[in-house]
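Student: Could we go through this structure together? I would like to start with the overall layout and then look at some details.

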There are 2 protein chains.
Amino acid sequence: MPDTFDMNLVQRGARLRRSPYFDATRRHGCRAYTVYNHMFLPSAYDDPVKEYWHLLEHVAVWDVSVERQVEISGRDGFALTQLLTPRDLSKCKLGQGKYVVIVDQDGGIVNDPVLVRLGKNRFWLALADSDVLLFAKGVAAFADLDVEIREPDVSPMQIQGSKAKQVMKALFGPKVLDLGYYFFMETKLDGIPVVVTRTGWTGELGYEIYLCDGSKGDELWEKVMDAGRPYNIRPTGPSDIRRIEAGILNYGADMTLENNPFEVGLGWLVDLDSKADFLSRKALERIRRRGVTRRLVGIEIGGPPIEFNTTKWVVRAGGRAVGHVTSAIHSPRLKKNIGYAMVPIAHAKLGTRLKVETPRGERDTTVVRKPFIDPRKEIPKS
Amino acid sequence: MPDTFDMNLVQRGARLRRSPYFDATRRHGCRAYTVYNHMFLPSAYDDPVKEYWHLLEHVAVWDVSVERQVEISGRDGFALTQLLTPRDLSKCKLGQGKYVVIVDQDGGIVNDPVLVRLGKNRFWLALADSDVLLFAKGVAAFADLDVEIREPDVSPMQIQGSKAKQVMKALFGPKVLDLGYYFFMETKLDGIPVVVTRTGWTGELGYEIYLCDGSKGDELWEKVMDAGRPYNIRPTGPSDIRRIEAGILNYGADMTLENNPFEVGLGWLVDLDSKADFLSRKALERIRRRGVTRRLVGIEIGGPPIEFNTTKWVVRAGGRAVGHVTSAIHSPRLKKNIGYAMVPIAHAKLGTRLKVETPRGERDTTVVRKPFIDPRKEIPKS
């Protein structure tokens, strides 16, 4: 990995947007950027394994302002938001968040955002990598609802890791420690408007700070670094090792519009037995009735450490290509190669032996339970 | 620019997709990739100025499979496609294409694809960088139309430049030279199914070959290279110098969802006086009635050659920030710095003097006519 990163390698012109923290990430030595929601996502400052250990032992800050928000409001804000997701939003209190899937009329997953409920009819969706703003506007075109749909000036950063609580306490005082998992509070940090949520993409203890004034990105970043210095805070890329250990999915890799929630293990986000009115209801009822034909399973890949997959490796059973690996990585803690594969249900049982074509040859692979590491007790399913 | 490109600088895991030509672009020495429609877009094999001259003097091939297609079909395929765009599609013959804007119910530009009409009710939209598949599915959710909307296995490449005709003739025989501007034909190349269109992103003479079988990417690429060898064909990145000279806009930079077609000079794509039924009609009628408040103008920036802008530079008038530059680049042929700026109509008149804040200081800037170089006579507006 080079010492500095030449943005010309990933950027041409002003088409892709910069985060409010962009200058800070450059100054703090970010050495790789990928693109997510038409913006640059800092993905590495150092070796990913070092960044992983730092997350476990200390605390990391991630610029995830690429989690663009869609704000839905107006008299029918609740109704439109409910149309988009099969999770029963009548169960979501004001001040609460929920992990949800956005699902289209054919049962395909459009996105898997964190939803927060700011008012009776006002919601934010913190997006994975797809244009939900356009999907929502499309749905609203003929839904005959009184709504406003827009992208507000809101840019999250994540504070994750074993010392995240100490950093957040130093920044916001002890009240922040009262936040329940997936709850949030609106507050100010020395005048900077923010929303603080107890959420994250790690299975570690963590928080997100949603900056609500893009002109203050640099200022907020340095305040976080100052507060975190005693706890050895470091900016890093999002840790794929840690999220895969935790069984967390990455939209675009582990699920796409081609998948329904049931086959990727997100059936718990589908409240068909509620009275909620969502546009995927008929399709999801049909899929539930017929059952799924394939399933995203946990896998353990034998042999020496693998590199993080950059394509969807072929999975074979009895010599025949039957599916593909969506994510696979070496866990330094488990000393194993772990990941997920989409396979027909005939090959989805725990203990099934498969073969995986890695760039370094075919490997013996076993279907195993996920998550690979149980989340901390403080982190319930939400 | 390095000799080889480390994909880890822009890629983490298998979230972003590879083009069917990806292996070929690596083999042929691509040294920079950006991301477009969740895929890797080869953006440079060499210095962009050298690539520009090569396009003018010889012929270039671009991997633009990032121009993902949305296919709309079914009994109401025409009706849904017409809902999405304010251009009167009754004027589009079978076998013909049109440059169109997709516009939402508020008048905002969602995308500016090339549309081709494959059947009475069957269309492809070759997309700029936004998820029109999701927008179209959203619109269809409550539009009560009988349609199918999907992404077909179709991956365009562009053959552009003064010798493009010779290369296309060598590949497809003389019949290809009969194609009118923005017309297309479905054919096979040694068994490989393709659609050939007379379109492009240069203002030069050019064609696109839409590969209709992703497994044949490498084979098609090498056939094109073989046919092009006598004409000195080279793979290059899309030429921003040439497209700015031609007055062509880049979605995401020169126009976004925040813009309506009138203010960016695309009013000629809005057929309000037709009977076409499109969902942006009311909003666009209102905007036409009230008039626009700002306009995307051509600009000439004084002083020594500038680098291609990577952010939207501030435009000042009388010391006050009044707008921003969306694209600006040095034209080696014109020996001038040219580009576009979005400014209030009070500052949009030809000859208006402005200041632009470039990374190398403030520069005198003048509003000028665009395009900067008239298209070849063979290239009418379409």
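Student: Which domains does the domain assignment of chain A give?

Tutor: Please keep in mind that this is a predicted model. For chain A, the assignment gives domain 1 (7–67 + 153–244), domain 2 (69–150) and domain 3 (293–373).

Student: How far apart do the C-alpha centres of domain 1 and domain 3 of chain A lie?

Tutor: The two centres are 31 Å apart. The domains do touch: 6 residues of domain 1 of chain A are in contact with 9 residues of domain 3 of chain A.

Student: Which helices supply at least two residues each to that side of domain 1 of chain A?

Tutor: They are helix 2 (48–57) and helix 7 (240–245) of chain A. Helix 7 of chain A gives the most, with 3 residues. By class, this side of domain 1 of chain A, touching domain 3 of chain A, has 4 nonpolar, 1 polar and 1 charged residues.

Student: Moving on to strands, how many strands are in the closed barrel of chain A?

Tutor: The closed barrel has 6 strands, in the order 16-19-18-17-20-21, and their pairing is antiparallel. On average, neighbouring strands of this sheet are turned by 40° against each other, direction ignored.

Student: And how many bridges join strand 16 to strand 21 of chain A?

Tutor: There are 4 bridges between strand 16 (residues 294–301) and strand 21 (residues 361–368) of chain A, and the two strands run antiparallel. As for individual residues, A:E300 stands opposite A:T366 in strand 21 of chain A.

Student: Now chain B. At roughly what angle do the axes of helix 5 and helix 6 of chain B cross?

Tutor: The axes of helix 5 (residues 164–172) and helix 6 (residues 217–228) of chain B cross at roughly 120° and come within 9 Å. That angle is why helix 5 of chain B is oblique to helix 6 of chain B. The crossing of helix 5 and helix 6 of chain B is right-handed.

Student: Which residues make the contact?

Tutor: Helix 5 of chain B contributes B:V167, B:A170 and B:L171, while helix 6 of chain B contributes B:K223, B:V224, B:A227 and B:G228. By class, the contact of these two helices of chain B has 5 nonpolar, 1 polar and 1 charged residues.

Student: Last topic: how many residues of chain B are in contact with chain A?

Tutor: 43 residues of chain B are in contact with 43 residues of chain A. Helix 4 of chain B provides the largest share of the chain B side, 7 residues. The residues of that side of chain B divide into 18 nonpolar, 16 polar and 9 charged.

Technical notes:
Residues are numbered from 1 along each chain as its sequence is written. Chains are lettered from A and ligands numbered from 1 in the order in which they are written. This is a predicted model: local features need pLDDT of at least 70, side-chain atom pairs count only at pLDDT 80 or more; totals for chains, interfaces and linings use all residues. Two strands pair if DSSP finds at least two bridges between them. Axes are lines fitted to C-alpha atoms, for helices over the stretch in contact, and angles run from 0 to 180 degrees between N-to-C directions. Angles under 35 degrees count as roughly parallel, over 145 as roughly antiparallel, 65 to 115 as roughly perpendicular and the rest as oblique. A crossing is left-handed if the near helix is turned anticlockwise from the far one by less than a right angle, and right-handed if clockwise. Two residues are in contact if their C-beta atoms, placed from the backbone, lie within 7 Å. Ala, Val, Leu, Ile, Met, Phe, Trp, Tyr, Cys and Pro count as nonpolar, Asp, Glu, Lys and Arg as charged, and the others, Gly among them, as polar. Domain bounds come from an automatic or database domain assignment.
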